[in-house]
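Please read the sequence and the model shown here side by side. The paragraphs below them are meant to be followed with both in view.

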Amino acid sequence: MLFSSLIPTRWRRNYDITDPNKPGFYNQRVTPWLQAVSKKACTHPVYTIAFVVVIGSGFYANLLDTGFFQPSPASAANQVDFHSLAAGSRHLHASAETSWKWQLADTGVVDPADHDLALITLAFQDSVSSGIPNTAPSAQTIILPAGGRAESLPSSANILSPLSSDSTLAFAMPYSTAAQFIEGAREIVPSPKTIISELEDGSDDEKERKLWLIKTGKKSASSGGIFQWFIDSWASFLDLIKNAETLDIIIMSLGYFSMYLTFISLFVSMRRMGSNFWLGTTVMFSSAFAFLFGIVVTLQLGVPENVVLLSEGVPFLVVTVGFEKPIVLTQAVLSASIQAKNNGHANGDAPFTIQNAVQTAVAERGFEIVRDYAIEILILCAGAASGIQGGLRQFCFLAAWTLFFDCILLFTFYTSILTIKLEINRIKRHVALRKALEEDGVSRRIAENVASSSEWPRDDTFSRSSDRSVFGQKVKDGSIPRFKVLMVTGFILINVLNLCSLPFRSSRSSNPITTAGLSSVITQPPMDPFKVAGNGLDFLLGQAQKNKRAVNVTVFHPIKYELQYPSVHYSPREESDWSLLNGDYKDGYVFSAVGGRVVESLLKSFEDPVLSKWVIIALAMSLVLNGYLFNAARWSIKEPDPDQSPSSSPAPSREALPGNGHPTGPSSSVDGAESGADADGTKLPIGSTPESASRTRTPEECEEMLKDKKAPLLKDSELIDLTLKGKIPGYALEKTLGDKTRAVKVRRAVVARTPATTEFSSTLERSKLPYEHFDYDRVHGACCENVIGYLPLPLGVAGPIIIDGRKYFLPMATTEGVLVASTSRGAKAINAGGGATTVLIADGMTRGPCVGFATLTRAAEAKLWLDSAEGQKTMKDAFNSTSRFARLQEIKTAIAGTYLYVRFKTTTGDAMGMNMISKGVEHALNVMSKEAGFEDMAIITVSGNYCTDKKPAAINWIDGRGKGVVAEAIIPADVVRKDLKSDVNALVELNTAKNLIGSAMAGSIGGFNAHAANIVTAIFLATGQDPAQNVESSNCITVMKNLNGALHISVSMPSIEVGTIGGGTVLEPQAAMLDLLGVRGAHPSQPGDNARQLARIIAAGVLAGELSLCSALAAGHLVQAHMSHNRSAAPSRAVSPGPPSAGSAGVKMPAALAMTNIKEGKR
């Protein structure tokens, strides 16, 4: 259906945005325009923001010129103009017909008869403040109109009276003399105490005295800026509480409370998407600009607006419209970024950019957002054209324009700042990861390379859940539209009830006051006359009842006074510094008519205190942003590789490496005709010609070219000869040639042709060891030296396994058959019991330097100082100053003769951290030597085997090293029988006999397990960890027990040494496996969480491996499994012979092993 695309998607069932029949008719025509606009904004975000800010400043200046922020007669009843006061007054009537009760009379012009009274209240601000003499005037100081009969009445109190420092005077007079009374009361002399205090100042000169002056009678000395408007608005708010009706106050309070909840919901939603402040603030600024544009356009079109109407209607506009559209667009942009990251490209073959992500998001959700805007604008236009009374028409007109501009700013202003925000976050993540790698000892070039492959946003930054969180509670997407529908419905019902009740508001109502009730949502809240002058009305009602005479009373809004010098109060408005621009624009003077007014408005706007500060803040932010982006650009420029000579040819482009550096195995040599190779297969560098390469050079010419740094122009055979002669060091081929792949090829030939080893190494040059299609940039200077290729290692995945409620596949690189399958079997059994639970008990890498002293006494003094609080603090401060991530936890010392061993235990963030700690240890020992009085201390070695690293040691088993993790699982008895083919009691007995007693008999340290090292090493190789650290990382004790018939199994591993940045994790294949586990790189918000999670995963994998192997041993299946999988001569369908049964002729099973051969019938 043609109009089906106009229906909101949330109201359409089974809508799929990926449907090939989508987009619809209107979508196809609107989306290209949206993409074009958003592309311009994202490509030039700074220009877009500056343009919007400049236009907004011009609109704001125009709004100042209109005097919009000045109190209007309709909104401020304390104007000097008598007609304005009468327009805001309330008319009451009391007589015998009303049972001598006040009743609201029809609003209109009251006939000024003698018996019609006006009740006027004069309010004097800050007249009874604490510590200040009472300055309030008395009723006798008021100038009464000539021939008037003004009578002083008792003053009334309101709910703020106990907290207020104001005082009031109430007067009743004939309505016909009210205007004269107000004119005579423009200036009131203060109390005599005030005059006496001024005379006692000691000055003989005649001084101007302060008078009580009507506030709204003065001439403004400024252009009515926001600051003054805020003060006036706050005063109006207090008047509202003092004088308005209670029901209106409750309704407005609920409206504002809901508006603030909407603001909070906006920031909570943006926080869940990775932005704590900026995106939420940007949405607020965008909406404020749209509101400003809407106000100015509405006023220019002649539609009257006032501050009171806006202050009452804006909360309901914010709640009903909300900020769902910026949130939806932000979610779409982040989703597109993540999808592009996962797919490797942002848009087809184009490289990943945030601009492409914005384009994708606009293509997917842009039309939906614009359609929702259009529907809301049409509804508001219908309300503006409905002819409804009150301020609803004006407010609907303003709201429609506001939404129109909000839609434009969403795809321009907001997307520009969103682009900058995402780009800054990407740069920050890039720089943070690069610095972390450099702190861990990785070279600048490799760190820059690795950081470039880990772009923001990451999958863990953006929650894919469709739920929103409000105060910790999950709120479905459908709840928010439902809440908005309820708000809109209530808004409409309020106004319908208000209109329907108009005919029934007669003077015969039994209620003392008939109010507009809920109509205050769209009109000015009516004054409650009993709050303003309750005591005076009671006095007049008593007199009327006593005289048996009906009375009509008009209650005016309180008239505010301030104590001020008349010269200050009536001072004329200051002339603008830009007065030269005043006057007509004739003959092209200064500016053209239109341009001149725009520039004049902009220049005059700098007089406003708020706008001038905003301009300064904007300039400062622009300076900071440009400086940050400049530094980011400088950081992103790769420094020259110190291993490369200036004249070396550039290395092959990264784009030529398939799979971003993933090894693909050996390949045939490149065709010489296509690659520009010479006769012996040597690739010709840029700038060389086949003629020059084909000519045979003499050894002297080759050596001369080498001295002239022209080695890349030599043929491979010539490079091999020079290397064999010792002219080129074998380790320096990469630096000499610049092409690392070519250097590996030459080195293979050199090794193969070395005379001393040619008997064994001659086959290397043409062996099946692959060397091409590998990213050696990440290897050189970081992982390996004298590289001759790489070894493809079989990689499998075990699982999935449930770990702490989440499922993971475990990557395992191994050449041992059955290991992955066995771990998968254990994972399956663990999942059947609900999964594994892990607990992190420690996190601290260690380094144990050895220092020496001349005497035992000095060594002991150093030990005591290090163990003291002073020594611990000094060493901790010195150590922590060397890194952003390494934090010293504790120091443990031991002394042997004159040697002192100090064991530093520290956190290292997401890095394994040995290099990071070594740097901190060296600095801390230098501080100890130079500042703590141990100049005679000699640093023997930074690693004194007290760590202990890559060696079996009881200290690692007892005190831990790296991450300490305990993992457990409960396996039901039927799972043990059916899946593991064993028995709970059999497994418990086997574990005790093998892992506990057997290991103790062997004198094992940390080896109380079946084969923890198998799983640890396989995962280490797959994820780029240091394989040698499997020595201490495999420290594990496996415990099994019968728990109410089920098997409870746990592994305790106190020294798992892992990291997710640095070392082998810089290689793309290993980093891909970290991605598989969701722990690649540094954690974006909690440093160290990724490494800790990897340790938990390894412990859970060990748990699965222990369970499966012990079950196989208990059931006698271990040999069978290995023989059938990888030990037989060739794959065969024949069943491998198993152990003889207990009933076999001539062979009996030993009684002690009967438990491992449980027959199915006995189970």
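Predicted model: local features only at pLDDT ≥ 70, side-chain atom pairs only at ≥ 80, totals over all residues.

The protein has 1163 residues, of which 46% count as buried. Its secondary structure comes to 37 helices and 22 strands. Taking the contacts between residues at least 6 apart in sequence, 75% join residues at least 24 apart.

Two packed helices are described by the angle between their axes and the distance between the axes.

On the H2 side the contact is made by Val52, Val53, Ile55, Gly56, Phe59, Tyr60, Asn62 and Leu63. H8 supplies Phe289, Leu292, Phe293, Ile295, Val296, Val297, Leu299 and Gln300. Sorted by class, the contact of H2 with H8 has 13 nonpolar residues, three polar ones and no charged ones.

The next pair is helix H22, residues 716-724, and helix H24, residues 740-753. Their axes come within 9 Å of each other and cross at roughly 55 degrees. That angle makes H22 oblique to H24, and the crossing is right-handed. From H22, the residues in contact are Asp716, Leu719, Ile720, Thr723 and Leu724. From H24, they are Arg742, Lys745, Val746, Ala749, Val750 and Arg753. The contact of H22 with H24 divides into six nonpolar residues, one polar and four charged.

H24 can also be looked at by itself. Its 14 residues reach 20 Å from the first C-alpha to the last, close to the 20 Å expected at 1.5 Å a residue. How many of the residues of H24 are buried? The count is 10 of 14, and H24 is mostly covered. Among the buried residues of H24 are the charged side chains Lys740, Arg742, Arg747 and Arg748. Also buried in H24 are Ala743, Val744, Val746, Ala749, Val750 and Ala752. The buried residues of H24 pack against H22, and also against helix H13 (444-452), helix H23 (733-737) and helix H25 (758-761).

The remaining pair is helix H26, residues 819-832, and helix H36. Their axes come within 7 Å and cross at roughly 100 degrees. H26 and H36 are therefore roughly perpendicular to each other. H26 contributes Ser822, Thr823, Arg825, Gly826, Ala827, Ala829 and Ile830 to the contact. H36 contributes Gly1101, Leu1103, Ala1104, Gly1105, Leu1107, Ser1108, Leu1109, Ser1111 and Ala1112. By class, the residues of the contact of H26 with H36 are eight nonpolar, seven polar and one charged.

H36 runs over residues 1089-1115, and its 27 residues should span 39 Å at 1.5 Å a residue; the end C-alpha atoms are 39 Å apart, which agrees. Is H36 largely enclosed or largely open? Of its 27 residues, 23 are buried, so H36 is largely enclosed by the rest of the structure. Gly1116 follows H36 and has a positive phi, near 75 degrees.

The last topic is the backbone. Most residues other than glycine have a negative phi, and most peptide bonds are trans. Ser99 is not a glycine, yet it has a positive phi of about 60 degrees. Ser99 is found in the loop between strand E1 (90-94) and strand E2 (103-104), and at 54% relative accessibility it counts as exposed. A cis peptide bond joins Gly799 and Pro800, with omega about 10 degrees. Pro800 is found in strand E12, residues 795-803.

The loop between strand E18 (938-941) and helix H30 (954-959) holds Lys950. Thr948 has its place in the loop between E18 and H30, and a cis peptide bond joins Cys947 to Thr948, with omega about -5 degrees. Lys950 has a positive phi of about 65 degrees, although it is not a glycine. Lys950 is partly exposed, with a relative accessible area of 34%. Which residues does Lys950 touch, not counting residues up to four places away in sequence? They are Asp1026, Ala1028, Gln1029, Val1031 and Glu1032. Lys950 and Ala1028 are 78 residues apart in sequence, while their C-alpha atoms are 5.9 Å apart in space.

Definitions and conventions
Residues numbered from 1 in each chain as written. Heavy atoms only, no water. Axes fitted to C-alpha atoms, helices over the stretch in contact; angles between N-to-C directions. Helix = DSSP H or I, 4+ residues; strand = E, 2+ residues; numbered from the N terminus. Parallel < 35°, antiparallel > 145°, perpendicular 65-115°, else oblique. Left-handed = near helix turned anticlockwise from the far one by under 90°. Contact = heavy atoms within 4.5 Å. Expected span 1.5 Å × (residues − 1). Buried < 20%, exposed > 50% of the residue type's maximum accessible area, 1.4 Å probe, protein only.
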